[in-house]
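Colleague: I have just opened the chain and would like to go through its architecture with you. Could we begin with the terms?

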Amino acid sequence: MNKLSNTLDIVIEQSFDFLSSEYAELFDRSAATAFQHPVWLHSLYTRLAPETGATPLVVVVRHRATGALAMVLPLLRIRRGPIRTVEFADLRVSDYLAPVCSPDVFSQLLDDAAACAQIRRLVRPFDLLRMVKLPDGRLPIEDLLAASRRVAMDTNAYATVLVAPFEQWRASTLDRSYQKELAKKRRQLEKKGALSFSCCGDSASVLEALDVMRKFRGPRFHAQGDGDLLQRSEYYGFYSAVALGGLGSFVRLYAMKMDGEVIAAVLGLCHQGSFLIIMSAFDIAGYKSQSLGALMFEQVARDCIERGDRMLDFTIGDEPYKKLFGGQPSPMWEVTQAGSAAGAIALFALKQAPWLKLAAKRLSDLRFQPARSPTPTR
């Protein structure tokens, strides 16, 4: 007979309301990341999950005595070919994944053997439990789910510490020759017309910038042999919903314009004194030698510092430009666990032949791809 926790009620709530006040309160006191924000997860579960065939698996833990939320574990069930997977709510848009829970409550959960066993029963069945993009130093989800020890991913996240005033940060962070190069590029750009930089403040400017981002990113990613999620209607709808729903608080969308036309844009999330860059786009064809991306990130850093932000987070990816702006690497982790013979075979194959990860990703892309549109990737 399965023993239940004496102090906690644990259930699956497929239609959990991430926009509720109780979730907002839990999120605010949790160790979660920007990618578990109410607006982000509401849009992911209501817009992306139905379009991609993913089934919500939201584990909700409440204190029995008060009914107050103790933890929310935002998961999904996804079938990748013949393999049934359970994973964090990601769908290729989230960079950092974590349980929504305070460290103290999470520690109490780990001490409650019956609660842990109940959570493990609720997430089954699966062939493969797959938890990727786990930030360094966060709650040990592997202990809660009785999974194998986490291992380092083959990519890092990068962030740079911001200090005021901007001139001091720039002088102490950017190489002197790079500072001169950017100043030269900016002078060249200013000679081409009326240059402006701003943070979008209304829905019209947000949608204008997103439309331009979609236009710029399509050819850029196609030329690299990959594609861009923004070209797909369901993902464009997701990012639009997040940008509009979080405008003025959770989200900032920066735009650089030349003679009133958007030539560069950066979309990011605001969380606990950090600005996390999640997407950018530049008119590379029109301004090939002006280093629009670097000039844009420099202006984003200036605005963040003036707003009092303490960190500029370039998120996941080992692109060289991040180090030019003082980005320091932070390891990312993953946890996997087989739940069946088929899962064990798949996990063994992935570990023995890393190239299969690419094949698995492509299979995932095909699985997520609606029949009515092409197959771009992030």
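Modeller: Contact here means heavy atoms within 4.5 Å. Please keep in mind that this is a predicted model.

Colleague: With that in hand, which residues does Ser198 touch, leaving out those up to four places away in sequence?

Modeller: Ser198 touches Leu253, Tyr254 and Ala255.

Colleague: Where is the place of Ser198, and is Ser198 buried, exposed or partly exposed?

Modeller: Ser198 belongs to strand S7, which comprises residues 195–199. Its relative accessible area is 35%, so Ser198 counts as partly exposed; buried would require under 20% and exposed over 50%.

Colleague: Let us step back to the whole chain. How many helices and strands are there?

Modeller: The secondary structure comprises 13 helices and 12 strands. The radius of gyration is 22 Å, close to the 21 Å that the globule rule gives for 378 residues, and the chain is therefore as compact as a globular protein of that length.

Colleague: What does the C-alpha trace span along its principal axes?

Modeller: The span is about 75 × 40 × 35 Å. Of the 378 residues, 53% are buried.

Colleague: What share of the contacts with a separation of 6 or more comes from residues 24 or more positions apart?

Modeller: Such residues account for 73% of those contacts.

Colleague: Now the helices. Which residues of H1 are buried?

Modeller: In H1, residues 21–28, the buried ones are Tyr23, Leu26 and Phe27. These three lie on the same side of H1, because the arc they cover around the axis is only 100°. Ser21 and Asp28 are exposed on the face turned away from that buried side.

Colleague: What covers the buried residues of H1?

Modeller: The cover includes helix H2 (38–52), strand S3 (69–80) and strand S9 (261–271).

Colleague: And for H6, which residues are buried?

Modeller: Phe166, Trp169 and Arg170 are the buried residues of helix H6, which runs over residues 166–173. Their arc around the axis is only 95°, so they sit on the same side of H6. Ala171 and Ser172 are exposed on the other side of H6.

Colleague: What covers the buried residues of H6?

Modeller: Strand S6 (151–161), helix H7 (176–190) and helix H10 (292–307) are included in that cover.

Colleague: At what angle do the axes of H7 and H10 cross?

Modeller: The axes of H7 and H10 cross at roughly 105° and come within 10 Å. Angles of 65 to 115 degrees count as roughly perpendicular, so H7 is roughly perpendicular to H10. H7 contributes Tyr178, Leu182, Lys185, Arg186 and Leu189 to the contact, and H10 contributes Leu292, Ala294, Leu295, Glu298 and Gln299. By class, this contact of H7 with H10 has 6 nonpolar, 1 polar and 3 charged residues.

Colleague: One more pair, please. How do H3 and H4 pack?

Modeller: Helix H3 (residues 103–111) and helix H4 (residues 113–123) pack at about 90°, and their axes are 5 Å apart. H3 is therefore roughly perpendicular to H4. Leu109, Leu110 and Asp111 of H3 meet Ala113, Ala115, Cys116 and Ile119 of H4.

Colleague: What is the make-up of that contact by class?

Modeller: The contact of H3 with H4 has 6 nonpolar residues, no polar ones and 1 charged residue.

Conventions. Residues numbered from 1 in each chain as written. Predicted model: local features only at pLDDT ≥ 70, side-chain atom pairs only at ≥ 80, totals over all residues. Heavy atoms only, no water. Axes fitted to C-alpha atoms, helices over the stretch in contact; angles between N-to-C directions. Helix = DSSP H or I, 4+ residues; strand = E, 2+ residues; numbered from the N terminus. Parallel < 35°, antiparallel > 145°, perpendicular 65-115°, else oblique. Nonpolar A, V, L, I, M, F, W, Y, C, P; charged D, E, K, R; others polar. Buried < 20%, exposed > 50% of the residue type's maximum accessible area, 1.4 Å probe, protein only. Arc of directions from axis to C-beta. Rg over C-alpha atoms; globule rule 2.2 N^0.38 Å.
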